[in-house]
Amino acid sequence: MIQRKTASAPSSVVARFPAPSKLFVLDTNVLMHDPTSLFRFEEHDIFIPMATLEELDNNKKGMSEVARNARQTSRYLDEMVTGSDAAIADGMPLAVHGDRTASGRLFLQTEAINGEVPARLAVGKADNQVLAVVKHLQELHAKRRVILVSKDINMRIKARALGLAAEDYFNDKVLEDTDLLYTGARALPEDFWDSHGKDMESWQQSGHTYYRVRGPLCSSLLVNEFVYLEADKPFYAQVREVSGKTAVLTTLRDYASQRHNVWGIIARNREQNFALNVLMNPHIDFVTLLGQAGTGKTLLTLAAGLMQTLEHKTYNEIIMTRVTVPVGEDIGFLPGTEEEKMNPWMGALEDNLDVLNRTDEDAGEWGRAATRDLIRSRIKVKSLNFMRGRTFLNKYLIIDEAQNLTPKQMKTLITRAGPGTKVVCLGNIAQIDTPYLTEGSSGLTYVVDRMKGWSHSGHITLMRGERSRLADYAAEAL
C-alpha cells in the first residue's frame, strides 16, 4: 500500500544497503521476459517491490511463455527465501542460488513504503506503485544510484519525467547494433592473393578445389564463412578450416548454372548461390537465412528440401512450422485439425509450392498434379505449441518467421533435432511482431551469433530482392 504522505525512515533501513554498488528495482515485465534476470546484475543489488510480486501472481496461470516465466521466477524467489539464513530485510545473497558472478543481494519489499507520488498519477495502478517505491528508495539512499529496470517504454518515460533513473533490460541483447551481426559472407581485399598466396597449397577433392593459404586475414575468418573476390573471373569460396594464420578454402558448386539447378530453381545472385551451397550440404546440420521480403529465403529452402527428400533421399520428410503472430487483428479460433489450423499461416508455403510446381514444363497438367500430391504427402505443417518433448529423426525442419522467437523458444526448437535432421531458420529481423522483442534480443539474432564458426552450421544474409521490380522498389522507398 502506498500513501501520499512522506515519513522519516528508520535508521536500520538506511544501514541495510552498502553504498558502492547500484540498486536495481525490477519491473514485472523484465522477470516475465527472462526469469534468470535475477542473476544478471553482477555485483549490484536487486529490489523487488510488492506490486511486482502481485503482478507475477496475476500472470502465473496458463500455458503461455509469459505464464511459464512468471512461475519460474516465483520458484527462484521461493528457493531464495526458504533457503537463506539471512533475514529478508537484510538481503539474500544471489550467488548461492544462481550464477556465481551475481555477488549482489536480493531485497524484497517487507514494509509499507511511504513514497510520495504526484497527485496526477493514479494510486491503484501497479506501475505507479513501482515508481513510488523507486522514488522512495532514491530519497532514502541519496549516495547510491537507484535505477528502475523495465522493458515497458512508457514506464521508463514516466520514470524519467519524475526525475528517476530508468533503463531497458539489456542482458538478453546479443548485439547493441545489428549492423554488427554476422552476415556469413566477406569480400576479400584486392591484394588477397599477393598477401596470402605465398607458399599456397592447392589440391582437388570430390569435384572441389582446395587452397591452403597463409596470411594476416586468416585468423579473423570463421569456419563455413563465404569469401569472394569480384574480378574479371570472380572467386567464390567457403572456409573449411582455420588454424592460427592458416586457412583452408574450398571452391563452391555453381548453382547459378542450369546444370546444377535445385528442383528447377537456380541462384539469381551471389548470396543465393551461397545459400544453396549450405542448404544442399549434408554435412551442415543448422542453417540460418536472413533477408528482407522477396530475397528468396523460403523458395530456396523448400527447393533444397524437396531435392534432398524426394531425389537424394537424404531426409524422409519436410516439417514446416512458423510463429503464429498476427500482423493485424486476430481472426479468432480456427476450426479443424492441427494442420488445418496452421493452413491460414502457411500462405508462403502455398505460394512457393506453386512456383516450384511450375518448374517442370514438360510434365503436363497430369504430371504436375501427381507431383503436387507427392510433394504434399512429404511436407507436414506443425504448430510450435506442440514441439516440446519431440525428437525429429531424418527430417528437414524449416522454422519460418524465426525473428519472432525468443532465445529460449529457439533453443527449445533446435534441441528437437535428432540424428540426420537438418534445421533451417528463416526470418527478417526488421519485421518483429512479438512484444518486448527487439532486433538485438530476437532468438534469430541470438542463434546467428552463437552458432557462427561451428563446423556444422552455416549462415548467409540475402541482400538482393528477386521477387519483382515493384517489391524491390517498395522495400526501399516505403
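Are Phe-24 and Phe-41 buried or exposed? Both residues are buried. The model is predicted. The chain has 478 residues, and 47% of them count as buried. Its secondary structure consists of 15 helices and 18 strands.

**Overall chain**

- The accessible surface of the chain is about 23,900 Å², and carbon and sulfur atoms account for 51% of it.
- Taking contacts between residues at least 6 apart in sequence, 69% join residues at least 24 apart.

**Aromatic pairs**

- The structure contains 12 aromatic pairs.
- One of them is formed by Phe-24 and Phe-41, whose ring centres lie 4.8 Å apart; the pair counts as tilted because the planes meet at 40°, an angle between the limits of 30 degrees for stacked and 60 for edge-to-face.
- This pair links distant parts of the chain, with 17 residues from one partner to the other. Phe-24 belongs to strand β1 (residues 23-26), while Phe-41 lies in the loop between α2 (28-33) and β2 (45-48).
- Phe-39 and Tyr-76 form an edge-to-face pair, because their planes stand at 85°, over the limit of 60 degrees. The centres of these two rings are 5.3 Å apart.
- The pair of Phe-39 and Tyr-76 also links distant parts of the chain, the two residues being 37 apart. Phe-39 is in the loop between α2 and β2, and Tyr-76 is in helix α4 (residues 65-83).
- Phe-39 and Tyr-76 are both buried.
- The loop between α2 and β2 thus supplies Phe-41 to one pair and Phe-39 to another.

**Aromatic cluster and charge over a ring**

- One aromatic cluster is made up of Phe-192, Trp-193, Tyr-211 and Phe-235.
- Tyr-228 has the charged end of Arg-270 over its ring, at 3.8 Å from the ring centre.

- Strand β8 (residues 201-205) and strand β9 (residues 208-214) run antiparallel and are joined by 5 bridges.
- Across this pairing, Glu-201 stands opposite Arg-212 of β9.
- The two strands, β8 and β9, form a hairpin with 2 residues between them. In the turn, Ser-206 has a positive phi of about 55°.
- Tyr-211, a member of the aromatic cluster, falls within the residue range of β9, 208-214.

Definitions and conventions
Residues are numbered from 1 along each chain as its sequence is written. This is a predicted model: local features need pLDDT of at least 70, side-chain atom pairs count only at pLDDT 80 or more; totals for chains, interfaces and linings use all residues. Side-chain values use heavy atoms; hydrogens and water are left out. Helices (H or I, at least four residues) and strands (E, at least two) are DSSP runs, numbered from the N terminus. Buried means under 20% relative accessible area, exposed over 50%, partly exposed in between (1.4 Å probe, protein chains only). Contact means heavy atoms within 4.5 Å. Accessible areas come from the Shrake-Rupley method with a 1.4 Å probe; for residues, only the protein chains shown count as cover. Two strands pair if DSSP finds at least two bridges between them. Rings of Phe, Tyr and Trp (its six-membered ring) pair if their centres lie within 6.5 Å; planes under 30 degrees apart count as stacked, over 60 as edge-to-face and the rest as tilted. A charge sits over a ring if NZ of Lys or CZ of Arg is within 6 Å of the ring centre and within 35 degrees of the ring normal.
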